[in-house]
Amino acid sequence: MIHIHKKQCESTQSLALELSKTHKEDILVTCDTQLAGEGQRGRKWVHADQAIALSFSTWPSDVYTLSSLEVACLTREHLLQQYNVQTMLKWPNDIYTMDGKKCGGILIQNSDKQLIVGIGINFSANNIPDDLKDKMGALYSSKVELD
């Protein structure tokens with residue numbers, strides 16, 4: 001697996017898609033700060049303070065159309081097991097806090113026969129733009145120590 005980590009990048013999804021065209025190995029792209037995160041239908045993803053931004057290559061599920069639901073369920077389960085945080089899923093790609101604010105998203109794009117999965121999750125509510133505070137949330141209301 002090729003793992004590329006950047007302090008800053010425009011979009012982990014764009015970089016993973018680019019790399020998938022020239023590399024046969026599995027790809028993982030992570031960054032500390034994503035400057036131009038991507039969402040569905042060309043929407044922008046706002047990267048809050050203490051957020052995870054990553055993209056990776058994977059193979060689709062046996063039932064291709066269930067791939068996005070499988071990734072969403074696995075992500076939700078990981079958040080519960082690793083961080084003891086309950087979340088809700090909104091089909092097909094949104095992760096919400098239990099108080100109904102969007103705290104994460106999943107973007108899946110095709111690259112040849114593989115999928116490029118991008119996941120963004122806001123862990124801390126610090127640094128959320130004022131105009132998004134009523135819609136955008138985070139797993140935790142204040143800064144947390146993360147490993």
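Analyst: What follows is a short walk through the sheet, the helices and a few single residues.

Analyst: This is a predicted model, in which local features need pLDDT of at least 70 and side-chain atom pairs count only at pLDDT 80 or more, while totals for chains, interfaces and linings use all residues. Residues are numbered from 1 along each chain as its sequence is written, and side-chain values use heavy atoms, with hydrogens and water left out.

User: What order do the strands of the open sheet come in?

Analyst: The 7 strands are ordered β1-β2-β5-β9-β8-β7-β6, with mixed pairing. Helices (H or I, at least four residues) and strands (E, at least two) are DSSP runs, numbered from the N terminus. Two strands pair if DSSP finds at least two bridges between them.

User: Which are the edge strands?

Analyst: They are β1 (2–9) and β6, and each pairs on one side only.

User: How many bridges join β5 to β9?

Analyst: There are 8 bridges between β5 (residues 51–58) and β9 (residues 114–122), and the two strands run antiparallel. Within this pair, Ala51 has Asn122 of β9 as its bridge partner.

User: Which strands does helix α1 touch?

Analyst: Helix α1 (residues 12–20) packs on the sheet and touches β1, β2 (27–34), β5, β8 (102–111) and β9. Contact means heavy atoms within 4.5 Å. The direction of α1 makes about 155 degrees with that of β2. Axes are lines fitted to C-alpha atoms, for helices over the stretch in contact, and angles run from 0 to 180 degrees between N-to-C directions.

User: Is α1 largely enclosed or open?

Analyst: 7 of the 9 residues of α1 are buried, so the helix is largely enclosed by the rest of the structure. Buried means under 20% relative accessible area, exposed over 50%, and partly exposed in between (1.4 Å probe, protein chains only). Among the buried residues of α1 are Thr12, Leu15 and Leu19.

User: What caps its N-terminal end?

Analyst: Ser11 caps that end of α1, with a side-chain oxygen 3.2 Å from the backbone nitrogen of Gln13. The side chain of Gln34 reaches the backbone nitrogen of Thr12 at 2.9 Å. A polar contact is a pair of N or O atoms within 3.5 Å; within protein, one must be able to donate a hydrogen and the other to accept it, and residues adjacent in sequence count only if both atoms are side-chain atoms. Gln34 is in strand β2 and is buried, with a relative accessible area of 8%.

User: Now α2. Which of its residues are buried?

Analyst: Ser67, Val71, Ala72, Thr75 and Leu79 are buried in α2. Seen down the helix axis, the buried residues fall within an arc of 135 degrees, so they line one face of α2. The arc is that of the directions from the helix axis to the C-beta atoms. These buried residues pack against β6, β7 (94–96), β8 and β9. The face turned away from the buried side carries the exposed residues Leu74 and Gln81.

User: Which residue has a positive phi just after α2?

Analyst: Asn84, with a phi of about 55 degrees. Asn84 sits in the loop between α2 and β6 and counts as exposed at 66% relative accessibility.

User: And Asp112, buried or exposed?

Analyst: Asp112 is exposed, with a relative accessible area of 78%. Asp112 lies in the loop between β8 and β9, and its phi is near 60 degrees, a positive value in a residue other than glycine.
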